[in-house]
Every structure is written in C-alpha cells, then in structure tokens.
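Have the viewer open as you read.

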Amino acid sequence: MLVRLFTCLLLFLFSIIGVLGHGYLTHPKPRDDYHNATLMAKMMPTSGLRGNDFICRNFTAINPIPIKAGSVVEFVWDNPANHTGDCFLYASSDNGTYWYKISDLTAELNPPVDCRLVLSKNVTIPQWMPPGPTIFRWEMVALQRRTQLVIEYYANCFDAIIESNATTKVSQISPLTMVGYHLPVNVFAYRDVSTANKHDCETNLLTCSHNGTSFLVGPKVATVVVTTASDASTFSIFLISLFFFSQFILSF
C-alpha cells in the first residue's frame, strides 16, 4: 500500500514538472528572484502570447545593475523538464514601450541548436545601445506541445543601467517591436519538433523550417539606422532641385 502511494506521488510530481518545468533565467538575477517569486511560479508558463505577464511576469523594476555597452555578459537559464524550444534576448530603452532583439542565443551557435541543449550564452552588448535605464528580457518559446496546437511562452526580465557614450535614439533602432505582437499567432508557423523531426531539429536548426522559410520566428536581431551627414546633404539638394523645378514649371 505504501509503495503504491509513493509511486503515485512520484508520478504526480513528475507530471507537474513535465507540465510546468520549462525555462527560466537564472543569471543575471531576474526580477522574479528580487521579488521572492517561488520556484513553482517561475516555472509556470505565462498566460499566453498576448498576456501582460508575458512581458516581465508583471514584476516591477528593481535593483538595476551596471552594464557597459560593448561588454560581454553571460546569460544562464534552466530547463528542468528538458523540453525543446527557442530562446531569445530582448531589451527596451524606453521602459518597456518598444523592444528590440539583442540575440537569438543558441540559434547563433554553429550549428544553431535548440536552447534545451545549451543552457548559457555569452552575449556582447551592442556598442550602440542608448545609455541609461534598460530592461533586458529573456524569452523562451516552448514547442513540445505544438502537435496539440499549443505553444507555451516563458519570460523573465532584469534591470540594468547601460554605461555608454552612444547617442543612439530609440527611433534609430530597427526593428522595434511590442511584446505579444513580435511572434506569430499561428501554431504552424513554429518549427516542428514532433518525434520524427525532433533530433534533427534540435541538433541543427538549419534542418528545420517554418513553412519552408526560416527555422526561427520573430524579428531579426536589431541594428541602428543612422542618417549620415552626406545623406542629409543629398536630401537637401533634392528638395532644393525640386523647388526650382516646380518654379520653372509654374513659370509657363
């Protein structure tokens, strides 16, 4: 009797881990830990793609750490259930209004691999990042239930102060996105990790594709769009020429 009860308890615990234990950021220390979130709370999926908790799990900014633009920061995450998925790193320089992708994490390795196989990545913080308060956001898209038409979404944030001499404005960063609208709603847009494709898709993402296009979803890693002095000069010359041409036409 006791053996049967113990076995049932173990099965119950493993079922909880299997459903909830996907991924969460462990380093740098996320807002969840500063706000004393329980391990169970950190392991639970968010309410969905458009849920407010998918941004930063509704935790407020706390204890920002200094990070120098151009420096290398190690990002570490855990995945107790060992489930397959894609992980990404985003940042916001305007208190969470707009976000831009910093890294595709393990998908940037050679070959690109599933983020359950490698649980850390050194990321170079872009030199062009605007100085000041910044939110970093780690995200995992868990794919193991895709065949059940379910994608699970996980996210953790931490706060930083970017030390930089850059003069970049948020409007110069491209592409910008909003959380919840940066990933597809259609389940079939995500890569297929069913049993038949699982090994190949995890060990080399180049063997996977979404609808025959790319093995990743979401925006590209951001860059800065800078208007140079020569661009501005060329545009000014164009406007002046257009003005004189219009005056010439009107003179007839």
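In β5, L89 has S103 as its bridge partner. That pairing belongs to β4 and strand β5 (residues 100-103), which run antiparallel over three bridges; two strands count as paired if DSSP finds at least two bridges between them. Strand and helix names follow DSSP runs numbered from the N terminus, with helices (H or I) of at least four residues and strands (E) of at least two.

Keep in mind that this is a predicted model, where local features need pLDDT of at least 70, side-chain atom pairs count only at pLDDT 80 or more, and totals for chains, interfaces and linings use all residues. Residues are numbered from 1 along each chain as its sequence is written, and side-chain values use heavy atoms, with hydrogens and water left out.

**Strand β4 and its partners**

- On its other listed pairing, β4 joins strand β7 (residues 132-142) through eight bridges, and the two run antiparallel.
- Eight of the eight residues of β4 (residues 85-92) are buried, so the strand is largely enclosed by the rest of the structure. Here buried means under 20% relative accessible area, exposed means over 50%, and partly exposed is in between (1.4 Å probe, protein chains only).
- In a regular strand, side chains alternate between the two faces of the sheet.
- For β4, G85, C87, L89 and A91 point one way, while D86, F88, Y90 and S92 point the other way, and all are buried.

- D104 is in the loop between β5 and β6, and it's buried, at a relative accessible area of 13%.
- Its side chain makes a polar contact with the side chain of K101 at 2.7 Å. A polar contact is a pair of N or O atoms within 3.5 Å; within protein, one must be able to donate a hydrogen and the other to accept it, and residues adjacent in sequence count only if both atoms are side-chain atoms.
- Setting aside neighbours within four places in sequence, D104 is in contact with C87, F88, L216 and V221, where contact means heavy atoms within 4.5 Å.
- L105 is in the loop between β5 and β6 as well, and it's buried with a relative accessible area of 0%.

- Most residues other than glycine have a negative phi, and most peptide bonds are trans.
- L105 isn't a glycine, yet it has a positive phi of about 55°.
- N95 has a positive phi too, near 65°. It's in the loop between β4 and β5 and counts as exposed, at 68% relative accessibility.
- The peptide bond from N110 to P111 is cis, with omega near 0°; P111 is in the loop between β5 and β6 (120-124).
- The bond from S174 to P175 is cis as well, with omega near -5°. P175 is in the loop between β9 (173-174) and α5 (198-203).

**The β1-β3-β6 sheet**

- This open sheet of three strands has the order β1-β3-β6, with antiparallel pairing.
- β1 (24-27) and β6 are the edge strands, each pairing on one side only.
- Strand β3 (residues 72-78) pairs with β6 in the antiparallel sense over five bridges, and V72 has T124 as its bridge partner in β6.
- S120 lies in β6 and is partly exposed, at a relative accessible area of 29%.
- Not counting residues up to four places away in sequence, S120 touches E74, F75, V76 and W77. The C-alpha atoms of S120 and F75 are separated by 5.4 Å, although the residues are 45 apart along the chain.

**Aromatics**

- A search of the whole structure turns up six aromatic pairs. Rings of Phe, Tyr and Trp (its six-membered ring) pair if their centres lie within 6.5 Å; planes under 30 degrees apart count as stacked, over 60 as edge-to-face and the rest as tilted.
- One of them is F136 with F158, stacked at 5.1 Å centre to centre and 5° between the planes.
- F136 lies in strand β7 and F158 in strand β8 (residues 152-163), so the pair ties together parts that are 22 residues apart in sequence.
- Both F136 and F158 are buried, and together with F75 they form one aromatic cluster.
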